Amino acid sequence: MHKKIIWVASYPKSGNTWLRSILSSLFYSSDGKFNFELLQYIKHFDSPENYLFVKKINKNDYENLSKIKVISKYRIQSQEKLITKKNFIFFKTHSANVSLNNHQYTNNKNSFGLIYIVRDPRDIVISYSKYQNISIDRAIEKITNKAVIEYSGFKNNDKFPSLITNKLPYIMSSWDINFTSWERLDTPQLFIKYEDLINDPLLIMKKITTFFQNKIEIEIENLDSKIENIVNTTNFQFLKKQEQKYGFSESTTYSDFFRKGTSNQWKAILTKKQAERIEKAFKPLMKRLGYIT
C-alpha cells in the first residue's frame, strides 16, 4: 500500500467532525464504540505540529506562518514528511484545494483518497453565525466570498511554545469553489450529503465501508460487529450529550460545537432575501446537489 493521505474535507459547519467520529470509530477502535479521544487519529492538517520543521529551514518564515503566502509554500513539504510514517493517514481540512502563487494545497502524489461531506449552504450560515458569533448576513458574506481566508484556531499553543502563532490560515474560499476544487483531485472520491447522514446513517455507513473496501482496497477489521455500535455512538444527539458531559476542545465560548444537527433550519430562520441571496450565488451547484430545483 502506498503511504498517502486520505482527506476528510468539507466547508466549515457541514458535519466534518461527525464524519471523523464515524471514521475514527471504524479504523481506530476494536468495537466501533466512539469516544472523543478517537478524534486524535484524524487531526486538522493545518495544525502547528505539522509545520515545526519550517524553523530549521527558514526562521523568518516560521515566525510568519500566520500569513497565507508564507504557509502555502510548505504544505506539500509538510505532507511529504507526514506520509513517510504510516501506511495511510487521515487529515481533516476545511481548505479549498486551490493553489496560491503556484503552491498547491495538496496533489495527486500525496493523496490516496477523499471523503467530502457537503451541506445546504442555507443551513451552514446559521450554524456558522452561531459558532463564530457573527450575524447571518456576515456569514453569508463570508461563504460567498471566493477569496475568504479562515484560520484553524487552537485554544492554546503550550505544546508548541516556540511557535509564534496558534492560528494557521487557509483559503476557505466560497462554498461552491470549496466543493468543486476537491472534485478536481485525481484520487478515489466519495461525496456525502449531511442531510443523508441525518436521514439514513446506516446507508451512509455502507457507502463509506464499500468505498474503502472497493475503491481504496483497505480492509476493515471486525466490520460487522462495529457497524451497529458506530451508528449508535455517533448519532448527533449522542455526540451532543458527550460534549455536554465531557466538554469538547473544538467548541467556542459562543456556542456548543454540536448544536442542532438538523436540516432545513433555514426555512424558519432566514429571511426571504437572505435565502435568495445564497440561492442566486450558488444556483448551479445547489441545483446539481438537489438543494433547489
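**Stop one: Glu183 and its partner**

Select Glu183: at 30% relative accessibility, it is partly exposed (between the cut-offs for buried, under 20% relative accessible area, and exposed, over 50%; 1.4 Å probe, protein chains only). Its side chain meets that of Arg288 in a salt bridge, 3.0 Å from N to O. The term stands for a side-chain nitrogen of Lys or Arg within 4 Å of a carboxyl oxygen of Asp or Glu. Glu183 lies in helix H8 (residues 175-183) and Arg288 in helix H15 (residues 283-288), so the pair ties together parts that are 105 residues apart in sequence. Helices (H or I, at least four residues) and strands (E, at least two) are DSSP runs, numbered from the N terminus.

**Before moving on**

This is a predicted model: local features need pLDDT of at least 70, side-chain atom pairs count only at pLDDT 80 or more, and totals for chains, interfaces and linings use all residues. Residues are numbered from 1 along each chain as its sequence is written, and side-chain values use heavy atoms, with hydrogens and water left out.

Colour by pLDDT, the predictor's confidence in each residue, from 0 to 100. The chain mean is 87, and 85% of the residues reach 70 or more. Now select 251-257. Here pLDDT stays under 50, and the model has 20 contacts beyond four places in sequence for these residues. A contact means heavy atoms within 4.5 Å. Where pLDDT is low, the predicted coordinates should not be read in detail.

Select Arg122 and Glu279. They form a salt bridge, with the closest N and O atoms 2.8 Å apart. Arg122 sits in helix H6 (residues 121-132) and Glu279 in helix H14 (residues 272-281), so this pair ties together parts 157 residues apart in sequence. Arg122 is buried, with a relative accessible area of 4%.

Salt bridges that share partners join Asp120, Arg122 and Glu279 into one network. Asp120 is in the loop between strand S4 (111-118) and H6. It is buried too, at 3% relative accessibility. What does Asp120 touch, not counting residues up to four places away in sequence? Show Glu195, Trp266, Met286 and Tyr291. Then pick Asn264: it is 144 residues from Asp120 in sequence, yet 8.1 Å away in space, C-alpha to C-alpha.

**Stop three: helix H6**

Ten of the twelve are buried, so H6 is largely enclosed by the rest of the structure. Among them are Ile124, Val125, Ile126 and Tyr131. Step on to Asn133, which follows H6 and has a positive phi, near 60°.

**Stop four: helix H11**

Select H11 (residues 223-233). Which of its residues are buried? They are Leu223, Lys226, Ile227, Ile230 and Thr233.

**Last stop: Lys73 and Asp61**

The model has ten salt bridges by the rule above. One of them joins the side chains of Lys73 and Asp61, at 2.8 Å from N to O. Lys73 is in the loop between helix H4 (68-71) and helix H5 (75-82), and Asp61 is in helix H3 (residues 59-62), twelve residues apart. Lys73 is partly exposed at 38% relative accessibility, whereas Asp61 is buried, with a relative accessible area of 6%.
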